[in-house]
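Hi,

Here is the structure I promised to pass on.

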Amino acid sequence: MEGGPATVLVVDDSPTKRYLLVSWLSRAGFAVLEAENGAEALARVGVDPIDLVVLDVRLPDLNGFEVCERIKAAHPAMPVIHVSAHAVDVVDRAQGLTRGADAYLAEPIEPEELVATSHAVLRYYRARQRAEVLAERLLGLADTTMAVHSAPNFARLLEAAAAGAAQIFKSPAAVVAETFEGDCIAGIADGPDGTATIVGWIVDDTGVPTGTTVRVDDPAAWGLVGWPAGDTVTVVAARLREDRAPLYVVVPTATQTAHTPVLRQLAQAVAAAVEAQRSFDEEHRIAVTLQRSLLPRRIPQVNGLDLAVRYEPASAQTEVGGDFYELVMLDGHLLLAIGDVAGHSLHAATVMAELRHAVRAYAVEGHQPGEILHRVNELMRTLLPDELATICVLLLHPPSGRVRLASAGHLPPALSLDGKVEFVQHSAPLLGVRAPRPPDLEFVLPAGATLVFYTDGLIERRDTTIDDGLAALAVAATRVDDDLDRFCERLLVELAPPEIHDDVAVVALRRN
């Protein structure tokens, strides 16, 4: 409607009167279509691109008031002007306006009056349509802003942005951004009903200034989706910092209004979310690097034993956590420890490092697992009185398979042998609590048996109980892969959720 002359449908059964109306409107610059009766008018309104209906009140088949009501029921935003040479009194005019008409002209009609009324009605409806479109787009902008700021990771953020842009503008859309690692990717959506996906895409950022800029490009330069034929694309580049790559939002130009206000706001909102996600990802990498630096750098090679470790940080947490493990040979015995300090923070990681080193130190002094935990507990209660932790410590003599084990509130290790799994229970208070400790658990690990130590992130799910998690672990550990690394990986795949909300540490030990 904005791009060319408005199209008017003139509905009148009188050829002479219809000819006059068509002539006046044509000379005024309107494109004019004609209909002789109500049925033909209703059929044309449903098919032809009509902006305004000039409708006689008395028609041979249907009452003009009824035709108007049907048009408004199907197309509320289509204006209708009644014209009449017969129904000219106040009651008729009132009925016509009450039943949906936007204006009522009684004959004799002056050409200037008809043209001026048509322009006035169209101005109102165009303004109304613009306001409705803007309101709908602003609502979509608010929804998309919430979606991108709550996205769990960079890829989901761009998918939410592309899906939101496609919904807002009812068209294909692409959103391109660079991760903090320097990878340039794009979220794309073929339309408002399509599923957004992620693809790789490279953009030349040369000359893009800080701030928000808008340009019109050839669609071939943005061959990410199937753009509408015969149209260009409008590209908004939002660059919040000089040292950061800009974000791009790309949509068909035909979807845009003057000054592209909603598109600009969308680009700025997504750019802010991208900047926050970049910072989050960078901090997360630093945190994970720090946490890994506090864990053993290598697994000892021990004759008669196979060892494997998997550690996965929480994917949705920037903070380092308190999960830890230890594997070291001391005086012919393997010291294995696994634990979890309460909380997710740099403080939890420092407590974890202190506990790990304390366990090593007391083990070097020759103490047995229960005495190690007693001394670590006294250390915690003296120097770290507000901290809590769980831990399981094992000393294994590889040639004989003799094991001494002590736990402090930690989840029981799973013992898998010949297709059967049982849990090695040693109930004892967790670290940080003053309470009597039971004697060490002593047993012989049979040849061919595998012990699986783990932290709660492996089996705890928000939608299940811990007993369900232990049962699932028992099923998964029934078969132990020849390659223990593959076994640990399989446990993570089968048991841990896709988005890991808590750190996961797994240590597998098999006696040959």
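Let me start with a quick one: is Glu442 buried or exposed? Glu442 counts as exposed, because its relative accessibility is 54% (buried means under 20% relative accessible area, exposed over 50%, and partly exposed in between, with a 1.4 Å probe and protein chains only).

Before the rest, some housekeeping. This is a predicted model, where local features need pLDDT of at least 70 and side-chain atom pairs count only at pLDDT 80 or more, while totals for chains, interfaces and linings use all residues. Residues are numbered from 1 along each chain as its sequence is written, and side-chain values use heavy atoms, with hydrogens and water left out.

Salt bridges

A search of the whole structure turns up 28 salt bridges (a side-chain nitrogen of Lys or Arg within 4 Å of a carboxyl oxygen of Asp or Glu). Here are some that I looked at.

Glu442 pairs with Arg404 through their side chains, at 3.2 Å from N to O. The two sit in distant parts of the chain, 38 residues apart, with Glu442 in strand β19 (residues 441-444) and Arg404 in strand β16 (residues 402-408). Helices (H or I, at least four residues) and strands (E, at least two) are DSSP runs, numbered from the N terminus. Arg404 counts as partly exposed at 26% relative accessibility. Elsewhere, Arg241, Asp243, Arg244, Glu275 and Arg278 form one network, joined by salt bridges that share partners.

Glu36 and Arg18 make another salt bridge, at 3.8 Å from N to O. Glu36 is in the loop between β2 (31-35) and α2 (38-45), and Arg18 is in helix α1 (residues 15-27), so to speak 18 residues apart and in distant parts of the chain. Arg18 is buried at 9% relative accessibility, whereas Glu36 is partly exposed at 45%.

Then there is Arg510 with Asp306, whose side chains meet at 3.1 Å, N to O. Arg510 is buried, with a relative accessible area of 12%, and Asp306 counts as partly exposed at 25%.

Nonpolar cores

Which residues touch the most other members of the largest nonpolar core? They are Leu355, Leu394, Phe453 and Leu509, in a core of 51 residues. A nonpolar core here is a set of buried Ala, Val, Leu, Ile, Met, Phe, Trp, Tyr and Cys residues joined through side-chain atoms within 4.5 Å. Helix α8 (residues 346-364) supplies the largest share of this core, eight residues. Leu355 is in contact (heavy atoms within 4.5 Å) with Phe324, Val341, Val376, Met380, Ala389 and Leu431, leaving aside residues up to four places away in sequence. Another core, of 32 residues, lies apart from the largest one, and its members include Val148, Phe154, Ile168 and Ala177.

Helix packing

Two packed helices are described by the angle between their axes and the distance between the axes. For α5 and helix α6 (residues 154-169), the angle is about 175 degrees and the axes are 9 Å apart. That makes α5 roughly antiparallel to α6. On the conventions, axes are lines fitted to C-alpha atoms, for helices over the stretch in contact, and angles run from 0 to 180 degrees between N-to-C directions. Angles under 35 degrees count as roughly parallel, over 145 as roughly antiparallel, 65 to 115 as roughly perpendicular and the rest as oblique.

On the α5 side, the contact is made by Arg137, Gly140, Leu141, Thr144, Ala147 and Val148, which meet Leu157, Ala160, Ala161, Gly164, Ile168 and Phe169 in α6. Sorted by type, the residues of this contact are eight nonpolar, three polar and one charged (Ala, Val, Leu, Ile, Met, Phe, Trp, Tyr, Cys and Pro count as nonpolar, Asp, Glu, Lys and Arg as charged, and the others, Gly among them, as polar).

Thr117 is also found in α5, which spans residues 111-149. Thr117 counts as buried because its relative accessibility is 17%. Not counting residues up to four places away in sequence, Thr117 touches Ile81, Ala103 and Leu105.

A few backbone spots for your list. Glu107 and Pro108 are joined by a cis peptide bond, with omega at about 5 degrees. Pro108 lies in the loop between β5 (103-106) and α5.

Thr260 has a positive phi of about 45 degrees although it is not a glycine. Thr260 is in the loop between β11 (247-252) and α7 (261-293), and counts as buried at 8% relative accessibility. Asp418, another residue other than glycine, has a positive phi near 55 degrees. Where is Asp418 found? Asp418 is in the loop between β17 (414-417) and β18 (420-423), and at 72% relative accessibility Asp418 counts as exposed.

Cheers
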